[in-house]
Amino acid sequence: MTTSTIKAMAIKALIAAATVTAATAPMALATTAHAAAASQQTAAKNLNNQLVGIRSMTANFSQTTKAGNKTTNFTGSMSVQRQNQFRWETKSPAEQLIVANGNTMWIYEEDLQQATRQSVGSQIGKSPALLLSGDPSQIDRHFNVSQPDANNNYFILTPKSSNANFGSLSLSFNGGRPVMMVLQDSTGQTTTIRFSNISLNKKLAAAQFNFTPPNGVDVISQ
């Protein structure tokens, strides 16, 4: 698998990521064999209850993406704010920026001098990047939600859209905060994201969610 392929797959994972984990150790995703699962309706309600109090969030992130025998690590920072505003900035190993102002989403790859423009509306239901920045009450419209243990705030989301950027997403909470997210896609790639230096529910400047392509950059509209 080539480096360019890994990078393209990683960008899909980055688009699919706007949740956070705490600096503390994440809770285990496994559940006991005797755990009683919540119904799908209850699971969606419980997930909504976890997310509804999060109006904005900033954090640093570390991401590990595994594809076959290749493992790639990424670091950077992120910000999300309702409604549908987010900024996901990768600083290592290469600089990349994904930013949305509620209407338009940009993917900027500095090393390629390329910026891709998409409608935020076209991504709803395809990517969990809008999970925190969107409307929690609409989650069950776009995802099937399961909760393997009704007493454990661990959820599995599968997109209803056939064009989604991922196959499943596992999300766990601790103390009212999302603490770990694991994405699986149809190619067998696994992406795990953890966050640190988290700040919740502060008013974030709208300017950081806007993007103007630098002069000379190729702009692609999708």
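**View 1. The largest nonpolar core of the predicted model.** This core holds 32 residues, of which Leu47, Val145, Leu157 and Phe195 touch the most other members. Helix α2, spanning residues 40-51, gives the most to this core, contributing four residues. A second, separate core consists of seven residues, among them Leu97, Val99, Trp106 and Phe211.

**View 2. The surroundings of Val145.** When residues up to four places away in sequence are not counted, Val145 touches Gln40, Ala43, Ala44 and Leu47, and it also touches Ile139, Phe155, Ile156 and Leu157. Val145 and two of these contacts, Leu47 and Leu157, are also among the residues that touch the most other members of the largest nonpolar core.

**View 3. Strands β2, β3 and β4.** Strand β3 (residues 85-92) pairs with β2 in the antiparallel sense over seven bridges, and β3 also pairs in the antiparallel sense with β4 (residues 96-101), here over six bridges.

**View 4. Gly68 in the loop between β1 and β2.** The loop that contains Gly68 lies between β1 (56-67) and β2 (70-81). Gly68 counts as exposed because its relative accessibility is 72%, exposed being over 50%. Although Gly68 and Gln189 are 121 residues apart along the chain, their C-alpha atoms are separated by 7.2 Å.

Notes:
Residues are numbered from 1 along each chain as its sequence is written. This is a predicted model: local features need pLDDT of at least 70, side-chain atom pairs count only at pLDDT 80 or more; totals for chains, interfaces and linings use all residues. Side-chain values use heavy atoms; hydrogens and water are left out. Helices (H or I, at least four residues) and strands (E, at least two) are DSSP runs, numbered from the N terminus. Buried means under 20% relative accessible area, exposed over 50%, partly exposed in between (1.4 Å probe, protein chains only). Two strands pair if DSSP finds at least two bridges between them. A nonpolar core is a set of buried Ala, Val, Leu, Ile, Met, Phe, Trp, Tyr and Cys residues joined through side-chain atoms within 4.5 Å. Contact means heavy atoms within 4.5 Å.
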